[in-house]
Amino acid sequence: MGNRLSKIYTRTGDDGSTGLGDGSRVQKDAARVGAYGSVDELNSVLGMLLAARPPASMAAELTRIQHTLFDLGGELCIPGMALIEPVDIEWLEHTLDRYNADLPPLKDFILPGGGMAAATCHLARTVCRRAERETVTLAHAEPVRAEVLGYLNRLSDLLFVLARVLARADGAGEVLWQRQHRRG
């Protein structure tokens, strides 16, 4: 492993800049910083989801995703680095298909909710979508590998399916949007 953090503050960012993994410095509001910052936020929300104690097999899968997200954030933080592989996306697809197989087809939109774990999973899904949008913005200005975008896109789909599974497992059930809610 590289340098260990023995001192947390350095004062080097007091001017509004931050260091990338390759040693270069950019402004803290740069697209690259926004993208990997949202990936970091997503990882934190997954930590909240894990704190809600999902089933053990799902918790192990979420922990695997956290590790991969750390790699993905590293890839975004170090220009030119390649850490996300097609096998990472294939694993998400396999996992998504497995969970989705037992769910009934959707006939209505689902509102975020359905118990604490499901609601937290919905929050993770929306943060994942933001991370994806910010990474697309970065890709307009700098090279971003297709695997990064594919991983975030597939992960948000998986998080949607996991939220459905968790809502049903919790007993709260899915909260369906009702078109007629304003009309009584």
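**Helix packing and the nonpolar core**

In the model described here, which is predicted rather than determined by experiment, helices H1 and H5 run roughly parallel to each other, because their axes cross at roughly 20° and angles under 35 degrees are counted in that class. The two axes come within 14 Å, and the crossing of H1 and H5 is left-handed. On the side of H1, the contact is formed by Val39, Leu42, Leu46 and Leu49, which meet Leu152, Leu155, Leu159 and Leu166 in H5. By class, this contact of H1 with H5 has eight nonpolar residues and neither polar nor charged ones.

Among the contacts with a separation of 6 or more, 71% are accounted for by residues 24 or more positions apart.

A further partner of H1 (residues 31–51) is helix H4 (residues 116–141), with which H1 packs at an angle of about 165°, the axes being 8 Å apart. H1 and H4 are therefore roughly antiparallel to each other, and the crossing of this pair is left-handed. The H1 side of the contact includes Ala31, Gly34, Ala35, Ser38, Leu42, Val45 and Leu49, whereas the H4 side includes Ala117, Cys121, Ala124, Val127, Ala131, Glu134 and Leu138. The residues of this contact of H1 with H4 divide into 16 nonpolar, four polar and four charged.

At 0% relative accessibility, Ala35 counts as buried, and, when residues up to four places away in sequence are not counted, Ala35 touches Leu76, Glu134, Thr135 and Leu138. The C-alpha atoms of Ala35 and Cys77 are separated by 8.9 Å, although the two residues stand 42 residues apart along the chain.

Helix H5 is also in contact with H2. The axes of H2 and H5 come within 12 Å and cross at roughly 155°, which makes H2 roughly antiparallel to H5. The crossing of H2 and H5 is left-handed. In H2 the residues of the contact are Met58, Leu62, Ile65, Thr68, Leu69, Leu72, Glu75 and Leu76, and these meet Val148, Tyr151, Leu152, Leu155, Leu158, Leu162, Val165 and Leu166 in H5. By class, the contact of H2 with H5 has 14 nonpolar residues, one polar and one charged.

In soluble globular proteins, nonpolar side chains tend to be buried together. In this model, the largest nonpolar core has 44 residues, and those with the most contacts inside this core are Leu42, Leu46, Ile65, Leu69, Tyr151, Leu155 and Leu159. The elements that give two or more residues to the core are H1, H2, helix H3 (86–100), H4 and helix H5 (146–170), and the largest share, 12 residues, comes from H5.

Two of these core residues may be considered in turn. Leu46 has its place in helix H1 and, at 0% relative accessibility, counts as buried. Not counting residues up to four places away in sequence, Leu46 touches Leu62, Ile65, Gln66, Leu69, Ala124 and Leu159. For Leu46 and Leu62, which are 16 residues apart along the chain, the C-alpha atoms are separated by 7.1 Å. Leu69, in turn, touches Val39, Leu42, Asn43, Leu46, Tyr151, Leu152 and Leu155, again not counting residues up to four places away in sequence.

Arg53 lies in the loop between H1 and helix H2 (56–77) and, at 73% relative accessibility, counts as exposed. Arg53 has a positive phi of about 60°, although this residue is not a glycine.

Note on methods:
Residues are numbered from 1 along each chain as its sequence is written. This is a predicted model: local features need pLDDT of at least 70, side-chain atom pairs count only at pLDDT 80 or more; totals for chains, interfaces and linings use all residues. Side-chain values use heavy atoms; hydrogens and water are left out. Axes are lines fitted to C-alpha atoms, for helices over the stretch in contact, and angles run from 0 to 180 degrees between N-to-C directions. Helices (H or I, at least four residues) and strands (E, at least two) are DSSP runs, numbered from the N terminus. Angles under 35 degrees count as roughly parallel, over 145 as roughly antiparallel, 65 to 115 as roughly perpendicular and the rest as oblique. A crossing is left-handed if the near helix is turned anticlockwise from the far one by less than a right angle, and right-handed if clockwise. Contact means heavy atoms within 4.5 Å. Ala, Val, Leu, Ile, Met, Phe, Trp, Tyr, Cys and Pro count as nonpolar, Asp, Glu, Lys and Arg as charged, and the others, Gly among them, as polar. Buried means under 20% relative accessible area, exposed over 50%, partly exposed in between (1.4 Å probe, protein chains only). A nonpolar core is a set of buried Ala, Val, Leu, Ile, Met, Phe, Trp, Tyr and Cys residues joined through side-chain atoms within 4.5 Å.
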